[in-house]
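Welcome, and please open the model in your viewer. We will go from stop to stop, selecting a few residues each time and looking at what is there.

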Amino acid sequence: MNIESAQYTTGMMDSDSTNTGIQATVDGQEVHIPLDPANRHYAEILKQVEAGTLTVAAAE
Amino acid sequence: MSVRINGTTGVTTPNLTATTKVTTADLANTGNYNGGQLGNRNLVINGAMRIAQRGTSSTALGYYTLDRFLHGRTGGTRTFSQQTLASGTPFDLGFRNYMSMTNTTAGSTNTTDYVEVYHKIEAQDVATSGWNYKSSDSYITISFWVRSSVAGTYTWWMRDEDATSYTYAFNYTLASNTWTKVTHSIPGHSGLVFNNDNGAGLRIQWMAYYGSNYCSASATLNEWSTGSSLPIHDTTWNTTSGATFDLTGVQLEVGDTATPFEHRSYAEELALCQRYFETTNANISGNTNNDRVAYIPLNPYNTGNAYGAWFYKVEKRAQPTVTHGGSHWRVYQVAGLLSSSGTGNTDGIGINQMAFYITGVTFNTNQSAFADYRQYNAITFDAEL
């Protein structure tokens with residue numbers, strides 16, 4: 001799984017700017033990834049972040 | 001028509017023994033047949049290789065063709081595809097499709113090459129299957145139809161994903177270009193763990209080739225092992241351009257007997273697959289002009305954002321990864337087409353629905369809106385293991 005970029009997103013309805021997901025490019029495709037450890041893409045992001053090979057940018 | 005029988009006079013016992021299909025002995029014995037489960041025996045989804053929502057051919061690594069079966073490979077160019085079965089014993093038994101791995105551009109004797117396909121089963125479905133997996137007296141049985149253009153010995157492999165040090169493997173032998181049914185019963189083991197959750201439980205795997213980096217001359221076969229369980233592979237398949245490895249009729253069931261494959265209806269199999277992946281593109285039905293998703297109601301929240309919800313066809317295993325990005329949304333209000341390039345964003349992703357919003361368009365907040373998504377790839381929801 002090739003994760004080229006990743007950035008947190010926030011729900012527009014949330015006034016506290018809580019992160020609700022990650023927008024990323026995975027294997028060349030733009031995807032929206034939930035913060036669910038049972039999601040394989042999120043699990044891979046956590047793994048790569050821990051390994052220091054990926055940084056998830058803060059939400060805009 | 002209803003019939004009322006007053007008393008038993010004149011009523012005779014049906015002569016069950018006269019039928020060639022069912023005898024009283026059969027009825028008495030069915031309770032003991034693989035634990036007595038006569039339906040929903042197969043723990044594998046899409047074992048007949050009928051469902052391919054993402055496409056029918058790919059050289060990429062990952063889930064790209066047949067649902068629930070992941071392609072893995074390094075070295076060379078390997079094509080994974082769904083193929084149509086037109087004759088032969090599997091055809092006679094009701095199979096119409098198979099998965100094919102083709103060595104499009106051969107690899108080498110490189111020690112790191114591998115070509116595999118695997119299938120993961122949810123842990124809760126193993127835990128509640130009825131297999132007493134802690135007991136060496138309790139069995140599950142794998143069966144499948146397989147064919148290779150290269151004669152030789154191949155390995156089937158399985159791993160407990162909740163106790164990843166436990167693996168099990170066995171070898172089987174194939175003649176070239178000959179469909180062969182392989183069956184093998186596997187006992188439980190006290191070290192096995194399957195959590196009652198939606199994570200991966202069992203990974204079952206076929207490999208056309210595995211390089212020596214992953215294998216051992218002293219691999220343990222035919223029993224659960226915490227050491228190496230992959231034997232050294234012959235390199236012929238990997239070095240033969242155009243070599244094929246075909247698979248169908250995959251069944252994993254509780255019990256020590258391989259029963260006939262449990263065929264499911266197309267609708268049932270598709271619904272089972274959609275717990276893990278669904279798409280708005282119904283190309284699988286043969287219609288090539290149905291990428292369009294129309295018309296989704298939107299509620300303009302302010303001039304820059306309009307919100308909508310998308311309900312999935314089937315509840316997902318976990319919150320899915322969603323593709324609906326880019327500026328591909330066509331947005332309409334009372335005046336007609338407002339924009340052909342609305343940008344899709346996700347507000348929240350649940351296991352039953354996705355909340356999303358469209359930006360990049362100036363909305364009139366006094367009007368309702370709707371949108372469609374039809375110019376690019378489908379919207380997909382991926383909750384695969």
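Select A:Asp27 to begin: this residue is partly exposed, with a relative accessible area of 37%. Here buried stands for under 20% relative accessible area, exposed for over 50%, and partly exposed for what falls in between (1.4 Å probe, protein chains only). A:Asp27 is in the loop between β2 (19-26) and β3 of chain A. Its phi angle is near 50°, a positive value in a residue other than glycine. The names of helices and strands come from DSSP runs (H or I of at least four residues for helices, E of at least two for strands), numbered from the N terminus.

Some ground rules before you move on. This is a predicted model, in which local features need pLDDT of at least 70 and side-chain atom pairs count only at pLDDT 80 or more, while totals for chains, interfaces and linings use all residues. Residues are numbered from 1 along each chain as its sequence is written, chains are lettered from A and ligands numbered from 1 in the order in which they are written, and side-chain values use heavy atoms, with hydrogens and water left out.

**Where the chains meet**

Now show chain A and chain B together. Contact means heavy atoms within 4.5 Å, and 18 residues of chain A are in contact with 26 residues of chain B. The size of an interface is often given as the accessible area lost when the parts come together. Chain A and chain B bury about 1,800 Å² between them, with 48% of it on carbon and sulfur atoms; this buried area is the accessible area (1.4 Å probe) lost on putting the two parts together, summed over both.

Which residues form the salt bridge between B:Asp382 and chain A? Select A:Arg40 with B:Asp382: their side chains meet at 2.6 Å, N to O. A salt bridge is a side-chain nitrogen of Lys or Arg within 4 Å of a carboxyl oxygen of Asp or Glu. The rule finds 1 salt bridge across this interface. On the side of chain A that touches chain B, β3 (29-34) and α1 (40-51) each supply at least two residues. The biggest share comes from β3(A), which gives the most with 6 residues.

**Chain B as a whole**

Of its 385 residues, 50% are buried. Among contacts between residues at least 6 apart in sequence, 73% join residues at least 24 apart.

**A buried glutamine**

Select B:Gln205, in strand β10 (residues 200-210) of chain B. Is B:Gln205 buried or exposed? B:Gln205 is buried, with a relative accessible area of 1%. A polar contact is a pair of N or O atoms within 3.5 Å; within protein, one must be able to donate a hydrogen and the other to accept it, and residues adjacent in sequence count only if both atoms are side-chain atoms. The side chain of B:Gln205 makes such a contact with the side chain of B:Glu116 (2.7 Å), and another with the side chain of B:Arg203 (2.7 Å). Leaving aside neighbours within four places in sequence, the residues in contact with B:Gln205 include B:Thr155, B:Trp156 and B:Trp157.

**Salt bridges within chain B**

Side chains of opposite charge can pair when their charged atoms come close. Select B:Arg68 and B:Glu384, a salt bridge whose closest N and O atoms are 3.0 Å apart. B:Arg68 lies in the loop between β1 and β2 (70-74) and B:Glu384 in the segment after β20 (380-382), so the pair ties together parts that are 316 residues apart in sequence. Both B:Arg68 and B:Glu384 are buried.

Next, pick B:Glu278 and B:Lys316, joined by a salt bridge with closest N and O atoms 2.6 Å apart. B:Glu278 is in strand β12 (residues 277-279), and B:Lys316 is in the loop between β14 (305-311) and β15 (321-323), 38 residues apart.

**Last stop: a loop of chain B**

Select B:Gly39, in the loop between α1 and β1 of chain B. Its C-alpha atom and that of B:Glu262 are separated by 7.9 Å, although the two residues are 223 residues apart along the chain. B:Glu262 is also linked with B:Arg41 and B:Glu253 in a network of salt bridges. Finally, find B:Asn46, which lies in the loop between α1 (24-30) and β1 (57-58). B:Asn46 is buried, with a relative accessible area of 0%.
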